[in-house]
Amino acid sequence: MGNNHLLELENVTMDYGETVALNNVSMYIRQNEFLTLLGPSGCGKTTMLRIIAGFETPSSGRVLFDGQDMASVPPYRRHVNTVFQRYALFPHLNVFENIAFGLKLKKMDKAVISERVKSMLRLVNLSGYEKRSIDALSGGQQQRVAIARALVNQPEMLLLDEPLGALDLKLRKEMQLELKAMQQRLGITFLYVTHDQEEALTMSDTIAVMRDGEIQQIGTPIDIYNEPKNAYVADFVGESNIIDGVMEKDYLVRFCGHAFPCLDAGFAPDEDVDVVVRPEDVVVTSEEAGTLRGEVRSIVFMGVHYEIRVGCGDFEWLIHTTRNAEVGDRVGLRLDPDAIHIMHKGEKPTCSSAQ
């Protein structure tokens, strides 16, 4: 085992009678990595987190922490701490007492506890809040206290289960950046669970996209976004146009009545494929200059770009462009070879991208 693999899952399966929550999952997390489990509700990501924390025992497979099998190690003796969406703070204790709770259980010296709590409050930007009641704090401040309480025990790994889900959009975006900065300053491993693709892309070193208890793809945010392994990943992480196509030969695919040069090879001649094109990779041109031609059906101003839908025959293209247009305009569409991603025909995704 690589010496920087802090945690490894080996063939982990979790079934509850007829329901399989995790199906033979294997993966590792490196020291100091920010890894996000991304997927819709019910895909198995929280089950995986609970198994790592020790709250659940897998039906089969092994969980190794620093090379040691964790099967018989109870949650309180694992070098991990968990932050939940509902922060589970003690309302009858003030901020200082909430953060110090785990250290007091360990009967640590009062001076050491005080120093550690103050250092955590500095880390989460809550210096001076020691005596505040939990009820007097905003959602974002409560979230910071929950993180400080988890980190004060100096775990080797922090598990975060949808921790920003209860915050409003602006605060959630601020906390995403703060959490990432915190993780880099502390140099500890974060395992983060979310259904929010933007959150995953913003914060993670590595993303594991999950579906129905299995990992569909694991890689860097750039890999997952630019080189999705299948139509499900393409559709779940960001928005995509997914079109039925036929691979005429290596580097040439036919869809929407035209043959397009592409960068993909290794498919059977005339194999049916899924063609994936990101909305920002479609170039809007004059009608004459486009390979495809169609009519603008809707247009929404998104701040940085326009989101337009263009009907070409039976297919409606979703396009992000800085070029304005009017509903009813005739336009051309151009697709460069590197904009076109070819997937083997698999199951079409059952969920649209999570917003």
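1. A salt bridge is counted here when a side-chain nitrogen of Lys or Arg lies within 4 Å of a carboxyl oxygen of Asp or Glu. By this rule the count comes to 19 salt bridges. The model is predicted: local features need pLDDT of at least 70, side-chain atom pairs count only at pLDDT 80 or more, and totals for chains, interfaces and linings use all residues. Residues are numbered from 1 along each chain as its sequence is written, and side-chain values use heavy atoms, with hydrogens and water left out.

2. One of the salt bridges joins Glu 10 and Arg 62, with 3.1 Å between the closest N and O atoms. Glu 10 lies in strand β1 (residues 5-16) and Arg 62 in strand β4 (residues 60-65), so the bridge ties together parts that are 52 residues apart in sequence. Helices (H or I, at least four residues) and strands (E, at least two) are DSSP runs, numbered from the N terminus. Glu 10 and Arg 62 also belong, with Asp 69, to a network of salt bridges.

3. How exposed are Glu 10 and Arg 62? Glu 10 is partly exposed, at a relative accessible area of 27%, and Arg 62 is partly exposed at 39%. On this scale buried means under 20% relative accessible area, exposed means over 50%, and partly exposed is in between (1.4 Å probe, protein chains only).

4. Lys 180 forms a salt bridge with Asp 205, and their closest N and O atoms are 3.0 Å apart. This pair links distant parts of the chain, 25 residues apart: Lys 180 is in helix α5 (residues 169-186), while Asp 205 is in the loop between α6 (197-203) and β9 (206-211). Lys 180 counts as buried at 13% relative accessibility, whereas Asp 205 counts as partly exposed at 33%.

5. A further salt bridge pairs Glu 316 with Arg 297, at 3.3 Å between the closest N and O atoms. Glu 316 sits in strand β18 (residues 315-321) and Arg 297 in strand β16 (residues 292-301), 19 residues apart, and the pair links distant parts of the chain. Glu 316 is partly exposed, with a relative accessible area of 32%, and Arg 297 is partly exposed at 43%.

6. Asp 274 belongs to strand β14 (residues 271-277). Is Asp 274 buried or exposed? Asp 274 counts as buried, at 0% relative accessibility. Its side chain makes a polar contact of 2.7 Å with the side chain of Lys 345. A polar contact is a pair of N or O atoms within 3.5 Å; within protein, one must be able to donate a hydrogen and the other to accept it, and residues adjacent in sequence count only if both atoms are side-chain atoms.
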